[in-house]
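Here's a quick briefing to read alongside the structure. Have a look at the model below, then work through the points by topic.

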Amino acid sequence: GGEHPPRHFLELMDFEPATLRRMLDLAAQTKRGLGAKPLAGKTVALIFEKPSTRTRVSFEVGIRQLGGDVVYLNARDMQSSRGEELSDTAKVLSRYVDAIMMRTHDVNRIREMAAHATVPVINGLTDISHPCQLMADVLTFEEHRGPIAGQVVAWVGDGNNVAQSFIQAAARFGFTLRLATPAALRPPQWVIDWARAQGATIELTEDPVEAVRGARCVVTDAWVSMNDETGDGSAPNRHNLLAPYQVTPELMRHAAPDAIFQHCLPAHRGEEVAAEVIDGPQSVVFDEAENRLHAQKGVLLWALGAG
Ligand code: CP
Ligand code: NVA
């Protein structure tokens, strides 16, 4: 840790648009190929309180490609699982590593980590957000369709953590976001109010057709997120509520003719998306998954001041 406050990457709302742009520029630059190893001598701890395929592998591989090293930490194996305070964990890890990535079931835990760490803390998904995903999603949209500012993006399904980061991204990257969700699964009002106060256009409806009409990008996510797997019977209820929100070829016909389909993955064919859509020509989901690697390199280079 140094004299300057660490460059945490917690929520898109914490940043000026130009700073996020800088990270995406760094991402695009590294994607084109960097000769040097800008993270040589740096070590990043990756803490997971929930499962992951993409986030884990893209951070591990990305950091190594930049010349750095990683320590994977399953939260179950850490002393915090038997009561060690997160503030102590944050202070100790800060003596060993140069940055901490954390995936947690409760946003307050990553905030606690960031409050006590003297190295950058990067959000790898919480119950209310997934900002690394959005950096990859914006990069992917722009690679396929050019600048996202002024475009219409339609979110269809659950108003979950990824939806909430989409709302923040709409404000930060200047696109219009239409969300079609069941009334009971709308994103929290505070994040919608925040985005609108920033000048963003956020439109809410219960009708998927209304949301996707003319959209350049249609996006959905799992009906049951990791935080919803509580065994309290909410999963069947979600399936009933969300059944009308499947992204089908018929729904895609209401979007712009050149609309792309995005999904952060993991996907559930026959639930939130029909196989014909996610495996069809409009789908960019594997470019999106690949871009986690590149987008996160941009975030890391910014956070570690190596860009
Ligand atoms: N999209 C995403 O974050 O995937 P993982 O849960 O596999 O990391
Ligand atoms: N909304 C999903 C995203 C997984 C990457 C979840 O939180 O489980």
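The shell around ligand 1 takes at least three residues from domain 1 (12-129 + 292-303) and at least three from domain 2 (133-289); the domain bounds come from an automatic or database domain assignment. This is a predicted model, where local features need pLDDT of at least 70, side-chain atom pairs count only at pLDDT 80 or more, and totals for chains, interfaces and linings use all residues. Residues are numbered from 1 along each chain as its sequence is written, while chains are lettered from A and ligands numbered from 1 in the order in which they are written.

**Ligand shells**

- Around ligand 1 you'll find Ser52, Thr53, Arg54, Thr55, Leu125, Gln133, Cys264 and Leu265; a residue is near a molecule if its C-beta atom, placed from the backbone, lies within 6 Å of it.
- That ligand 1 shell splits into 3 nonpolar, 4 polar and 1 charged. Here Ala, Val, Leu, Ile, Met, Phe, Trp, Tyr, Cys and Pro count as nonpolar, Asp, Glu, Lys and Arg as charged, and the others, Gly among them, as polar.
- Ligand 2 has Leu125, Asn160, Asn161, Val162, Asp221, Ala222, Ser225, Met226 and Cys264 around it.
- The classes in the ligand 2 shell are 5 nonpolar, 3 polar and 1 charged.

- Asn161 is in helix H6; helices (H or I, at least four residues) and strands (E, at least two) are DSSP runs, numbered from the N terminus.
- Is Asn161 buried or exposed? Asn161 counts as buried because it has 23 C-beta neighbours inside 10 Å; the cut-offs are 20 or more other C-beta atoms within 10 Å for buried, 12 or fewer for exposed, and in between for partly exposed, with C-beta atoms placed from the backbone.
- Leaving aside neighbours within four places in sequence, Asn161 is in contact (C-beta atoms, placed from the backbone, within 7 Å) with Leu125, Thr126, Asp127, Ile128, Ser129, His130 and Ser225.
- Ser225 sits in the loop between strand S8 (217-220) and helix H9 (234-242), and counts as partly exposed because it has 17 C-beta neighbours inside 10 Å.
- Not counting residues up to four places away in sequence, Ser225 touches Asn160 and Asn161.

**The nonpolar core**

- The largest nonpolar core has 92 residues, and the members touching the most others are Ala99, Ile100, Met135, Ala154, Ala170, Val218 and Val299. Such a core is a set of buried Ala, Val, Leu, Ile, Met, Phe, Trp, Tyr and Cys residues joined through C-beta atoms within 7 Å.
- Helix H6 (residues 161-173) gives this core its largest share, 8 residues.

**Where the domains meet**

- The centres of domain 1 and domain 2, taken over C-alpha atoms, are 25 Å apart.
- In domain 1, 22 residues are in contact with 17 residues of domain 2.
- Helix H1 (17-32) and helix H12 (285-303) each supply at least two residues of the domain 1 side.

Note on methods:
Contact = placed C-beta atoms within 7 Å.
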